[in-house]
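Here is a short briefing on one protein model. Keep the structure open as you read, and find each residue as it is named.

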Amino acid sequence: MDERTLRALEFPRVLERLSAFCLSEAGKEAALELRPMDDAEDIRRSQYLYDEIRDWFAEGDFSLVSFPDISGLLAYVRGHADPLLEMDGLWALKSALGLARRVAESIHAGASRRPLLDALACSQPMPEMSLSALNRCVGDDGYLKDESSPGLLLVRSELRGIHQNCMRRVKDFADKYNIAHYLQDDYMTLSSDRYVLPLKANFKGRIQGIIHDYSNTGETLYFEPLFLVEQNNRLQELKQQEREEERKVLRLLADLLNQEMPQVLSAWELLIALDLGQAKCALGSALNGRCVPLEEGATLNLPAARHPLLVLEAARAATDRSYSGPRRIEPADLVLREGDRVLVISGGNAGGKTVALKTLGLITLMTLAGLPAPVDSGAALPFWNRVYAFIGDEQSLDDHVSTFTGQIHHLSSIWEDLDEHALVLLDEFGAGTDPSQGAALAQAVLDGLLEKGAYTVTATHFPALKSYALTREGVRAASVLFDNNTKKPLFHLAYDQVGASQALDVAREHGLPESVLRRAEHYLLMDGDDASAVMDRLNELARQREEELARMKDEERRLRDKRQALQEKLEKERARLDEEVRRLSQELMRDYKSGKATAKQTQKEMAKLRADLAQSARDMDEHPAADPSKFTVGGEVLHRQWNKKAVVRELNEKAGKAKIDMGGVTMWAPLADLEPGAAEAAKPKGTVTARVSRPISYLRLDLRGKRADLALAELEQFLDRSLLSGTEGVEIVHGRGTGALRKAVHELLRTFPGVASYSLAPEDQGGDGMTQVLFR
């Protein structure tokens with residue numbers, strides 16, 4: 001990938017933010033070295049691995065912690081024939097390999113659900129010999145354990161014996177000659193790796209021995225009495241033996257590392273990959289993003305795309321009030337129609353054209369690098385493995401190149417490599433020269449890119465290029481929107497139209513003197529090129545259309561969610577019905593086996609059970625939309641759900657509902673639940689039924705005379721069954737009395753899920769002795 005494009009689209013800044021989420025220095029380095037990939041299979045594999053790592057961390061069975069960097073140690077061991085390791089490096093190696101083994105064990109526990117993550121953990125077996133030796137030899141304090149080797153254990157045991165012997169002899173000597181008050185510290189210390197007495201300087205010459213050193217103040221001298229000389233000489237011999245034994249252990253550990261170096265490197269790479277993976281997950285959470293699929297032959301579709309860096313700045317501004325970054329980011333849909341290859345974005349300055357180009361380019365680079373991007377579900381990108389961005393100043397004083405010359409030079413260098421797998425982003429291409437020639441050149445370049453099949457998104461102010469976008473096959477026009485009243489940008493894209501440049505409005509907003517602006521308007525009128533009124537009208541119409549589309553999308557989303565909720569409710573009811581049928585079947589078989597029922601009776605009851613099951617399944621199916629013309633106000637209908645007659649009081653053909661009177665209770669019901677005519681209510685059949693019947697108490701519940709706790713328990717069950725039945729409302733009779741039961745009922749209704757509203761019934765229907773409830 002062109003490094004110049006990466007810088008123009010600020011991809012390194014994304015990597016810096018990614019590295020900030022890493023837990024280790026090695027992970028940070030890996031994040032900063034991340035680059036877009038050009039192989040479709042590698043990209044898809046990276047995205048699938050991201051999903052597996054995200055799900056693995058979400059389960060909460062394992063939490064990755066910070067780990068030390070051992071890359072330098074591994075490079076040292078591999079680069080030396082006889083490496084001598086240091087204890088700090090061994091402690092870091094022990095910590096890292098121990099964490100890698102715990103990670104691998106956690107991954108293997110769910111390997112069937114995470115094949116890519118398991119393959120990463122199983123690329124090499126764990127370096128068990130090295131890890132076992134490190135656990136045996138290296139202590140938590142970073143020093144070699146006594147048990148590292150028999151020789152080291154023996155030497156250190158003798159060293160401890162010498163220390164205890166010296167302590168005892170010094171104490172006895174101090175007590176015998178009463179010199180404790182001449183000691184600066186407690187009895188004995190070490191100087192030059194020998195046991196000495198810290199004596200006050202004025203005591204010098206009173207005891208035979210060797211002065212090794214003085215303190216910085218000169219008030220203390222470090223004195224080795226003659227009776228300690230022999231012990232100290234033995235101490236030096238043992239110290240030398242200890243160092244030799246430690247070298248043997250360190251060489252053994254280095255040999256084991258060399259033997260298992262592939263396994264050690266694999267474990268280290270696993271830790272780095274997981275650290276980078278959890279950083280990607282953290283970035284995805286901060287962006288509220290997802291991986292965008294790359295599909296050969298797909299069309300550009302990025303719903304609600306947001307610029308990643310702006311999203312991160314807005315998130316920071318939301319938590320840090322002192323930060324002056326943007327508080328809110330407006331999403332934009334970046335889409336092309338089937339067969340389109342070029343998108344031309346026009347409109348006013350500071351309206352978001354360049355941001356739209358950078359958003360598309362940066363999201364594409366992040367997708368190629370296996371990173372999540374801030375887009376809504378349903379996003380897709382064609383398979384682009386190369387991105388070229390002409391954004392920003394191409395000028396170079398050192399090379400004597402102007403902005404226009406720089407653009408042409410860069411485009412010429414890549415022209416032969418452009419094909420259907422390339423995305424080209426052009427920001428004001430051709431604006432650095434004569435407008436008419438620049439516009440002609442820009443159109444010719446777009447023609448050439450169309451012939452090559454390359455995808456192109458360009459931002460322009462050229463009127464000729466706007467007309468080109470509306471008339472050229474394979475090219476789509478879009479415009480950034482402005483509020484006509486405030487002249488403020490809305491940062492939305494309206495498609496299949498062009499927009500006017502808002503140069504004068506932007507200049508006025510940024511403080512240019514009004515006298516200069518009036519003169520500019522005068523020159524504009526003299527030229528006869530002022531089409532601002534027409535463009536303003538088009539902009540307003542486009543803004544209204546975008547608002548209407550947004551409302552329609554919200555309504556579609558709401559209906560989709562409602563349908564999903566109803567579908568889930570239906571599935572639960574079917575599952576309950578299946579369980580009920582299974583239970584009844586088992587009871588019939590138990591009766592038959594125990595002799596309580598004959599084979600003929602059992603077969604008869606099973607036949608009824610099957611018939612009732614079929615009827616229940618038909619009842620659950622959605623009824624076809626009813627014809628409103630078959631219903632008349634005052635006519636009788638059958639409510640299928642309640643299996644009762646009712647009289648139609650009102651009709652709402654647009655909503656597909658009718659207000660019915662069912663035994664004195666008035667409610668709105670969907671026409672699909674009603675059957676025209678005075679059909680007779682179906683009579684209950686059989687003693688064994690496969691469905692749970694819906695008695696009239698589902699519509700009205702009488703709680704009078706019951707204790708409050710029992711009444712509320714019964715009310716909860718009643719509301720649950722009523723919600724499952726699909727009715728729009730119920731009536732609860734609680735009586736007047738002291739009002740305590742009514743108050744308890746209302747308190748429960750206030751917090752009960754699914755209750756949209758409730759109120760006391762009209763006086764002629766029960767007044768404050770009954771509450772009417774409407775469901776959502």
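Arg-700 is partly exposed, with a relative accessible area of 38%. Its salt-bridge partner is Glu-731, and the N to O distance is 2.9 Å. Keep in mind that this is a predicted model.

**Salt bridges between strands**
- Arg-700 lies in strand 20 (residues 700-702) and Glu-731 in strand 21 (residues 729-733), so the pair ties together parts that are 31 residues apart in sequence.
- Glu-731 counts as buried, because its relative accessibility is 5% and buried means under 20%.

**Salt bridges within helices**
- Side chains of opposite charge can pair when their charged atoms come close.
- The structure holds 33 salt bridges.
- One of them joins Arg-54 to Asp-51, with the closest N and O atoms 3.5 Å apart.
- Arg-54 and Asp-51 are three residues apart in helix 4 (residues 40-59), so about one helical turn separates them.
- Arg-54 is partly exposed at 36% relative accessibility, and Asp-51 is partly exposed at 25%.
- Arg-247 forms a salt bridge with Glu-244, and their closest N and O atoms are 3.0 Å apart.
- Both Arg-247 and Glu-244 lie in helix 10 (residues 226-259), three residues apart, about one turn of the helix.
- Arg-247 is partly exposed at 28% relative accessibility, and Glu-244 is partly exposed at 35%.

**Strand pairing**
- Strand 15 (residues 636-639) runs antiparallel to strand 16 (residues 644-652), and four bridges join them.
- Val-637 has Ala-646 as its bridge partner in strand 16.
- Strand 15 also pairs with strand 19 (residues 674-676), in the antiparallel sense, over three bridges.
- His-639 has Leu-674 as its bridge partner in strand 19.

**A charged patch**
- Glu-25, Glu-29, Glu-33 and Asp-69 form a negative surface patch.
- Glu-29 sits in helix 3 (residues 25-32).
- Glu-29 counts as partly exposed, at 44% relative accessibility.

**Positive phi angles**
- Which phi does Ala-304 have, positive or negative? Ala-304 has a positive phi of about 50°, although it is not a glycine.
- Ala-304 is found in strand 6 (residues 301-305), and it is buried, with a relative accessible area of 11%.
- Glu-428 is not a glycine either, and its phi is positive at about 55°.
- Glu-428 is in the loop between strand 11 (422-427) and helix 15 (435-452).
- Glu-428 counts as partly exposed, at 22% relative accessibility.

Terms used:
Residues numbered from 1 in each chain as written. Predicted model: local features only at pLDDT ≥ 70, side-chain atom pairs only at ≥ 80, totals over all residues. Heavy atoms only, no water. Pairing = 2+ DSSP bridges. Helix = DSSP H or I, 4+ residues; strand = E, 2+ residues; numbered from the N terminus. Patch = residues over 30% accessible without salt bridge, like charges linked within 9 Å, V, L, I, M, F, W, Y side chains within 5 Å. Areas by Shrake-Rupley, 256 points an atom, 1.4 Å probe, with all protein chains shown as cover. Salt bridge = Lys/Arg side-chain N within 4 Å of Asp/Glu carboxyl O. Lys, Arg positive; Asp, Glu negative; His and termini not counted. Charge placed at Lys NZ, Arg CZ, Asp CG, Glu CD. Buried < 20%, exposed > 50% of the residue type's maximum accessible area, 1.4 Å probe, protein only.
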